[in-house]
Amino acid sequence: MVLPLFHHHESLHGIWQNRVGIVEGWEPEWWSGAVASVIIVALLLSFLTALTLMKGQLHRTLVHKMLPPKAIQKITRGQTVIEKYNLATVFYADLVGFSGSKNSMTPVQVMNMLNDLYTQLDVIAKRHGVYKVETVGNRYMVVGGAVNPESARVAAKRVALFAIDATNYVDNIFLTTNGDKLYIRSGIASGSVVAGVVGTSSPHYTFFGDTIDYASRLEKTSKKMKIQVSEVTYRLLQDAPAISFELSKTDGVEVKGKGNHVTWWLEKATSCKECQLVKGSFILDPCGHVLCAKCNSTHNLNVCPICRSKVSGRSEWTQDAPTKFLDIDDASFDVMEAGEVDDSTVSEVSKSERGM
Ligand SMILES: [Zn+2]
Ligand SMILES: [Zn+2]
């Protein structure tokens, strides 16, 4: 239908000019093709944008796992990250008596096993609010009282409770895929540390200072499934709020140029000194920690005051304590353990593995 574009109409008021167009719309042959391609391009763009955003988020999540938020802020502002903490507590652990070749494990299997173990230790570290630093070779390290500064006693308490839980986990629960049991030894020291971000292309947050070296030394001179604790840490633990730690003196540790240092074995933690398995005490389910009647009424929330895990129930111990809990002969335990440990081969194994 062809229409004249202008239509003149004369009236009493002068000349009217009417513009005329196509009323029902005009659709050229290429119209549907154009619509389709606009839709396709739009979809493609939104897909690519989503992909980029996802990649960006993944990257951010990774960076946030590797560096504390405060350090990320400083780096984005172009600042150097160096922080000093006056009284932090440092924990080191290493595998003991583990030989990949002896257990006929390939390096890849060893890596997978360590990954399984350390993923679980990360969960325990998170529960106790300690900062996992890095994993170099077989070694596992956490810090309390740095990154998020807090009272030195609380920080020492967190690290000590983490150490006890981590050791118990390896002792009672963890098995390799071959069904083998693993053993760790660990060391804890408290003092000043310097923290900072090293490297620019692949930056990582790490700690320096004598306290770090000392904690490392206490780990290396510790024993299978034992937690060796420095004198400073020991004192902090004695004053730790709302918890009671049981420690026993070791033979001490030789430190180059500084003679023999007093150190302690961290044995266990209870809510207070009266929290023993006796008539009228309570056992928490499922962690199995024991609270005296008084602690049971104070810690009535569903979090265990010792291991920080969720409490799903508590049952009162109504019998007299079984004799085996009361008369533990320490000497017989020492003999049992001495039979299993061979520390001379152990250190060689760890060394050769680290070089691997
Ligand atoms: Zn108690
Ligand atoms: Zn518990």
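Reply: In β5, F91 finds its bridge partner in V142. That pair belongs to an antiparallel pairing of β3 with β5, which runs over five bridges. Strands here are DSSP runs of E with at least two residues, helices are runs of H or I with at least four, and both are numbered from the N terminus. Two strands pair if DSSP finds at least two bridges between them.

Before going further, keep in mind that this is a predicted model, in which local features need pLDDT of at least 70 and side-chain atom pairs count only at pLDDT 80 or more, while totals for chains, interfaces and linings use all residues. Residues are numbered from 1 along each chain as its sequence is written, and chains are lettered from A and ligands numbered from 1 in the order in which they are written.

Back to β3, which spans residues 82-96. I82 sits across from G196 of β6. β5 (residues 139-144) also has β4 (residues 131-136) as an antiparallel partner, with four bridges between them. Opposite V136 you'll find R139 of β5. β4 and β5 make a hairpin with two residues between the strands, and G137 there has a positive phi near 60°.

M225 is one, with phi of about 60°, and its place is the loop between α5 (210-220) and β8. M225 has 17 C-beta neighbours inside 10 Å, so it counts as partly exposed. For the cut-offs: 20 or more other C-beta atoms within 10 Å of a residue's own make it buried, 12 or fewer make it exposed, and anything in between is partly exposed, with C-beta atoms placed from the backbone. A242 has a positive phi too, near 55°, and lies in the loop between α6 and β9 (244-249). A242 is exposed, because it has 12 other C-beta atoms within 10 Å.

Three strands form an open sheet in the order β14-β13-β15, with antiparallel pairing. Its edge strands are β14 (290-291) and β15 (313-316), each of which pairs on one side only. β13 (residues 282-285) joins β15 over four antiparallel bridges, and F282 has E316 of β15 as its bridge partner.

The loop between β13 and β14 deserves a look as well. P286 is in that loop, and the peptide bond leading from D285 to P286 is cis, with omega near 5°. H289 is found in that loop too. It has 22 C-beta neighbours inside 10 Å, so H289 counts as buried. Setting aside neighbours within four places in sequence, H289 touches L284, C304, I306 and C307; contact here means C-beta atoms, placed from the backbone, that lie within 7 Å. C275 is 14 residues from H289 in sequence, and their C-alpha atoms are 9.2 Å apart.

On to a helix pair. α4 (residues 152-172) packs on α6 (residues 231-238) at about 105°, with the axes 8 Å apart. That makes α4 roughly perpendicular to α6, given that 65 to 115 degrees counts as roughly perpendicular, under 35 as roughly parallel, over 145 as roughly antiparallel and the rest as oblique. The axes are lines fitted to C-alpha atoms, for helices over the stretch in contact, and the angles run from 0 to 180 degrees between N-to-C directions. α4 brings A152, R153, A156, K157 and A160 to the contact, and α6 brings T233, L236 and L237. Sorted by class, that contact has five nonpolar, one polar and two charged residues.

Confidence is highest in strand β8 (residues 227-230), at 97, and lowest in helix α10 (residues 343-355), at a mean of 39. Over residues 327-356, pLDDT stays under 50, and the model has 13 contacts beyond four places in sequence for that stretch.

How values were computed. Two residues are in contact if their C-beta atoms, placed from the backbone, lie within 7 Å. Ala, Val, Leu, Ile, Met, Phe, Trp, Tyr, Cys and Pro count as nonpolar, Asp, Glu, Lys and Arg as charged, and the others, Gly among them, as polar. pLDDT is the predictor's confidence in each residue, from 0 to 100.
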